Amino acid sequence: MTILTEKAQNNKFLIPGLLFLISISFLSFNISEQGPHQDELDFFYAYSVVYFGLVMEGDFFHPCWNGDGECELLSVIGCNMDDHWVTTHGIVKHILVGTGIGLHGENEWESYAPKPPLCKPHTNPIFGVNVPEKSELGAARFFSPILGSLTVVLAFYIGKFLFNRITGLSFASLLLFSSLWFAYSRTIMTETYIYFFMILSFFLLLYSFKERGKIKYSLLICSAIIFGIAFDTKAIVFMFLSMFILTIFLRNSINKKFSRKYFNTKNYFPKS
């Protein structure tokens, strides 16, 4: 038995802590130099700075919130107004992106709010004028690698809960070294946010049924709220709702971890 394994048995936070440190180092390295995704320049940065600016101003009756009137901060001639409402990208994401900008002292939500994004790619992008500069994108991306790293840790916990520690480590490693996860966790694209919220919701759902014959309703309610946040960020998570419902109905079986015997063909095809 290795020293790491012995310490992991004595300290249940050792492996998750190491996973987070490795992930955050990997995902956040030189993040401001990460090449911008086209949608970051055209849509997502502007969406977030506009809505974060409205939150900071306390203007919750603006047409960009309720659709009562024209959302001049986001709509442009020839664009579909409905495509530029806050519900298409999630208010929690906008707040996190705006907070990252504020923490870095950029405060660019003030100057970028009057400059609406186009519904088509910029034909003449001018950094710092109609699209954000590298430093501004780097500030806006502040929470992306953090959420990406936390998702890796949650993947470990889910794999460990359903199977064992080795499965959890395998699940976390596959996610961390996925090229898609690496790319999205270094941008302000929506994917990192929705999958973090969805996996966190599933994690809380599993642990709300951890004790046999007992339900932790506080975790169950938090799971439902966070799933709602994920749905508000991007409605595609609705596709996974059946998995959550099935988990609730199978809650009595969840407490039994899977065993190798279930994957042993000798149990199903005995020798004659």
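**Salt bridges, helix pairs and a surface patch**

Counting a salt bridge as a Lys or Arg side-chain nitrogen within 4 Å of an Asp or Glu carboxyl oxygen, you get three salt bridges here. Keep in mind that this is a predicted model, with local features needing pLDDT of at least 70 and side-chain atom pairs pLDDT 80 or more, while totals for chains, interfaces and linings use all residues. Numbering runs from 1 along each chain as its sequence is written, and side-chain values use heavy atoms, leaving out hydrogens and water.

**A salt bridge**
- Glu33 and Lys134 pair up through their side chains at 3.3 Å, N to O.
- That ties together distant parts of the chain, 101 residues apart: Glu33 is in the loop between H2 (14–28) and H3 (38–57), Lys134 in H7 (residues 134–140). Helices are DSSP runs (H or I, at least four residues), numbered from the N terminus.

**Helix pairs**
- H8 (residues 143–162) packs on H9 (residues 165–176) at about 150°, axes 7 Å apart; axes are lines fitted to C-alpha atoms over the stretch in contact, and angles run from 0 to 180 degrees between N-to-C directions.
- The two are therefore roughly antiparallel (over 145 degrees).
- Their crossing is right-handed, meaning the near helix is turned clockwise from the far one by less than a right angle.

**Surface patch**
- Ile245, Leu246, Phe249 and Leu250 make a nonpolar patch of about 420 Å² (over 30% relative accessible area, no salt bridge, nonpolar side chains joined within 5 Å; Shrake-Rupley areas, 1.4 Å probe).
- Leu246 sits in H13 (residues 241–249).

Technical notes:
Patches are made of residues with over 30% relative accessible area and no salt bridge: like charges are joined within 9 Å, nonpolar side chains (Val, Leu, Ile, Met, Phe, Trp, Tyr) within 5 Å. Angles under 35 degrees count as roughly parallel, over 145 as roughly antiparallel, 65 to 115 as roughly perpendicular and the rest as oblique.
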